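Please consult the sequence and the model shown below.

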Amino acid sequence: MRQKFRLKPNRLLLGLAACVAVAGAAAEPVVSWQPKRLSPAGGGNYTPAGSQMPTDAGAREAWESGRRALQAGQLDAADEAFRRASTLEPRAYAPVLGLADVALYRGRLGEADKLMARARELAPKSAEVAAASGRMAGASQRLPDAHAEFRRAIALDPRFITPHLDLAELQLSAGNNGEAAATFRAAMAADPKHPGAPFGLARALAARGDWAGAIAALDQSALIAPRNPLPWVAKSEIQSRQKQFNQALTTVDKALALEPEFLPARLAKVDILAAAGKHELAIAEMRRLTGRAEGAAAAPLFVKLGSLQRASKQPADAEASFRRAVEIDPKHHPAWNNIAWLVTEQRGDLDKALSASKRALELAPGTAIYEDTLGFVHLARGDLNEAATAFGKAIQVAPGAPDFHFRLGQTLERQGQADRALASYQAALNVGVPFAAADLARQRVAALGGGVRKFQPPISRP
């Protein structure tokens with residue numbers, strides 16, 4: 001049978017595909033929340049409760065210099081400037097947060113934690129420091145601490161929108177969409193003129209399947225920020241999911257009218273055209289985008305072009321696009337993975353497919369879809385023990401992907417392990433996620449003498 005092609009889909013602006021690791025195979029959601037900078041922005045229209053910027057003229061100048069250096073990625077200069085500001089005004093917490101930012105950028109979490117503790121000592125009633133502390137905890141993946149600190153910041157100053165938005169993003173990344181929606185609504189109440197709050201609400205509502213509510217929230221975001229193309233792009237994605245393709249194209253064109261070369265809008269238009277079955281138009285648009293891209297940024301665009309070409313039954317062109325991606329960026333592991341899958345699917349040179357698959361895993365060890373691809377290559381080569389091991393590793397990482405269980409079942413059945421194969425087929429069906437080989441899995445369950453019974457995990461390392 002023809003297997004589903006392995007590609008990592010574009011993350012939609014609304015996050016609708018955020019928990020899908022493989023096309024046609026739902027993986028379990030992974031909490032991965034990356035906070036913004038810790039240090040306060042300085043200025044702005046709202047000053048949170050307990051805020052205290054440097055008051056000494058020299059300290060203020062040094063702090064501002066540190067902020068500019070940090071923005072430019074000049075970590076040594078930022079570190080020196082923040083230290084000078086902290087020396088000139090030891091009781092100011094803003095330079096300390098700047099130093100914590102520098103430590104965090106350098107991957108020195110322990111040092112950043114100590115600096116954050118110092119900032120809390122200097123300003124225990126500052127909502128800004130509490131919010132920064134939440135971001136620090138989030139960066140360290142101490143998620144309960146991040147929740148607690150964001151809630152403390154909100155309690156210190158309910159009108160301070162930043163911790164509302166950060167808490168909502170954290171809830172959304174964990175799949176707690178109802179809680180996220182409530183928190184985004186609280187953010188809207190805290191600052192009715194902030195366009196990010198209704199935009200975030202739209203993402204949370206879309207994740208719950210409330211398309212009408214999401215569109216209403218996006219319309220509100222667009223009213224607040226009429227020059228921002230993002231709400232129009234996100235709205236077009238919802239319309240496309242509802243198969244309202246003509247409306248979706250009209251909507252995304254509104255985004256492009258605001259910013260004609262806005263890449264997310266261009267990519268959204270490609271996705272809409274492809275979903276509408278207009279593959280040649282989608283491919284033409286992607287060729288235009290790849291022709292304009294420069295440097296390593298072009299690699300993912302060539303991967304997307306190749307995926308469209310494969311879907312249009314143009315395997316030679318697809319492989320050429322994937323190989324162009326790795327020429328541009330030899331470390332772009334999705335392209336290596338797709339080369340491996342496509343070559344195997346086309347019954348090409350399996351030695352080259354195996355090499356490409358291993359390269360993808362070297363660059364991104366432990367990635368479930370790459371382990372699955374490796375198993376697919378080994379299965380095509382007849383290396384059944386190696387295939388079973390690879391599929392088992394994929395299942396360990398993403399037990400909620402039915403395709404992985406199904407292919408392990410195929411491998412075990414070819415090894416003559418009927419009982420274990422039956423368990424794997426049943427596991428695939430009991431995940432409860434639609435997948436391309438579901439009918440075949442049911443056939444194999446029936447052939448092996450089993451009804452679809454309660455899920456019993458197969459042995460993960462055959």
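A crossing of two helices is called left-handed if the near helix is turned anticlockwise from the far one by less than a right angle, and right-handed if clockwise. The model discussed here is predicted.

## Packing of H3 and H4

Helix H3 spans residues 94-105 and helix H4 spans residues 109-122; their axes lie 8 Å apart, at an angle of about 165°. Angles over 145 degrees count as roughly antiparallel, and H3 is therefore roughly antiparallel to H4. The crossing of this pair is left-handed.

On the H3 side, the contact is formed by Val-96, Leu-97, Leu-99, Ala-100, Ala-103 and Leu-104. H4 contributes Leu-109, Glu-111, Ala-112, Leu-115, Met-116, Arg-118, Ala-119 and Leu-122. By class, the contact of H3 with H4 comprises 12 nonpolar residues, two charged residues and no polar ones.

## Packing of H18 and H19

Helix H18 (residues 350-363) and helix H19 (residues 368-381) cross at roughly 160°, and their axes come within 9 Å. This angle makes H18 roughly antiparallel to H19. For H18 and H19, the crossing is left-handed.

The residues of H18 in the contact are Leu-350, Asp-351, Ala-353, Leu-354, Ser-357, Lys-358, Ala-360 and Leu-361. They meet Tyr-370, Glu-371, Thr-373, Leu-374, Val-377, His-378, Ala-380 and Arg-381 of H19. The contact of H18 with H19 divides into nine nonpolar, three polar and four charged residues.

Terms used. Residues numbered from 1 in each chain as written. Predicted model: local features only at pLDDT ≥ 70, side-chain atom pairs only at ≥ 80, totals over all residues. Heavy atoms only, no water. Axes fitted to C-alpha atoms, helices over the stretch in contact; angles between N-to-C directions. Helix = DSSP H or I, 4+ residues; strand = E, 2+ residues; numbered from the N terminus. Parallel < 35°, antiparallel > 145°, perpendicular 65-115°, else oblique. Contact = heavy atoms within 4.5 Å. Nonpolar A, V, L, I, M, F, W, Y, C, P; charged D, E, K, R; others polar.
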